[in-house]
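Keep the sequence and the 3D view open while you read.

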Amino acid sequence: MPGPLEILKFLPKTNCQKCGYASCLAFAFALASGAADPKRCPELDPGLLPQIAPEKKLPEEDFAWKVLEEVKKKALQTDWQEIAPRLGLEMLGPRELRIPYLDLWVRLKPEGAAGEDGLELDPRDQILLYNYLSFAGNAPLSGEFVGLEAFPHSVSKVATLRRYAEEKLAEAFTGRLPALKQALDGFRTEVPALSPADLSVIVFVLPRVPLQINFFEGDPEDGLPAEAKVLFDRAAIRYLDLESLVFCAERLVERLIEKASH
Ligand code: SF4
């Protein structure tokens with residue numbers, strides 16, 4: 001397994017942050033530990049992948065399962081009965097919770113989380129849900145929506161949000177505003193007070209984690225691409241860490257694209 005400095009030699013060293021890390025060196029460290037996927041650097045020549053990520057590298061999926069076990073342990077230290085009402089969760093038993101997540105209903109137990117319809121959840125979704133529990137947020141939502149850049153220490157996460165949520169949403173729904181509106185069916189949504197966007201909607205990814213999507217159609221015929229901006233309630237940081245907030249946006253976008261493709 002190559003070390004971080006060896007891996008760094010293969011990276012473009014532009015520190016553009018499109019990978020979601022603050023610098024190429026930070027990304028090299030994450031690659032060396034097996035915590036990151038080399039494909040997250042769009043500037044990297046795919047031909048170099050075998051040198052950067054040899055077969056024995058820990059797959060990102062295995063890493064996620066390990067993180068999940070840690071996050072679950074932490075969530076189990078909280079009093080579920082006490083935090084359920086303020087997190088908008090339904091108590092089904094002393095150690096069983098029901099939670100609306102995206103457009104799904106999920107049951108959370110000490111041994112794991114699964115969709116009510118039996119849907120298996122990706123470990124990354126489960127990490128998010130148990131993180132939400134262990135944060136045990138206790139602040140009223142502000143009703144004021146701000147860009148991720150309004151939160152402290154968010155510079156590298158803003159780049160991730162841009163690439164893996166906002167640009168992805170804009171690309172997928174360019175010239176397809178009706179499809180986007182249709183894909184939002186089944187989500188808990190609200191209409192924001194005022195917005196200059198062609199579509200502006202507040203979507204609850206989790207009961208206390210609403211995201212505002214502002215979608216500008218652009219004019220593809222005139223070469224003006226669509227644009228999207230994701231905003232967060234100013235109090236969102238009391239319910240999840242920055243990385244999890246960005247993940248909420250990524251999953252929301254993935255789910256909308258998935259629904260629109262059916
Ligand atoms: S995406 Fe990350 S690793 Fe790739 S050039 Fe930009 S900062 Fe460096």
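In which strand does Ser200 lie? Ser200 belongs to strand β7, residues 199-206. Strands here are DSSP runs of E with at least two residues, helices are runs of H or I with at least four residues, and both are numbered from the N terminus.

This is a predicted model, where local features need pLDDT of at least 70, side-chain atom pairs count only at pLDDT 80 or more, and totals for chains, interfaces and linings use all residues. Residues are numbered from 1 along each chain as its sequence is written, and side-chain values use heavy atoms, with hydrogens and water left out.

**Domains**

The protein is divided into three parts: domain 1 (4-57), domain 2 (61-135) and domain 3 (145-260). These bounds come from an automatic or database domain assignment. The centres of domain 1 and domain 2, taken over C-alpha atoms, are 31 Å apart.

**Ligand site**

Which residues are around the ligand? They are Pro12, Thr14, Asn15, Cys16, Gln17, Lys18, Cys19, Cys24, Phe27, Cys41 and Pro42.

**Helix α2**

Buried means under 20% relative accessible area, exposed means over 50%, and partly exposed lies in between (1.4 Å probe, protein chains only). An α-helix has 3.6 residues a turn, so residues three or four places apart point the same way. Gly34 follows α2 and has a positive phi, near 85 degrees.

Val71 lies in helix α4 (residues 60-76). Lys229 is found in strand β9 (residues 227-233).

| Residue | Relative accessible area | State |
|---|---|---|
| Val71 | 11% | buried |
| Ser200 | 15% | buried |
| Lys229 | 26% | partly exposed |

Now look at their contacts, meaning heavy atoms within 4.5 Å. Neighbours up to four places away in sequence are not counted. Val71 touches Ile127, Tyr130 and Asn131. Ser200 is in contact with Pro192, Ser195, Gln212, Ile213 and Asn214. Lys229 is in contact with Gly147, Glu149, Glu166, Gln212, Ile213 and Asn214.

Sequence and space can be set side by side. Ser200 and Phe216 are 16 residues apart in sequence, and their C-alpha atoms are 8.8 Å apart. Val71 and Gly112 are 41 residues apart along the chain, with 11 Å between their C-alpha atoms.

**Two loop residues with positive phi**

Most residues other than glycine have a negative phi. Ala136 is not a glycine, yet its phi is positive, about 45 degrees. Ala136 lies in the loop between α6 (123-135) and β5 (145-146). His153 is not a glycine either, and has a positive phi of about 55 degrees. His153 is found in the loop between β5 and α7 (155-172).

Is Ala136 buried or exposed? Ala136 is buried, because its relative accessible area is 16%. His153 has 80% relative accessibility, so His153 counts as exposed.

Key
Near = heavy atom within 4 Å.
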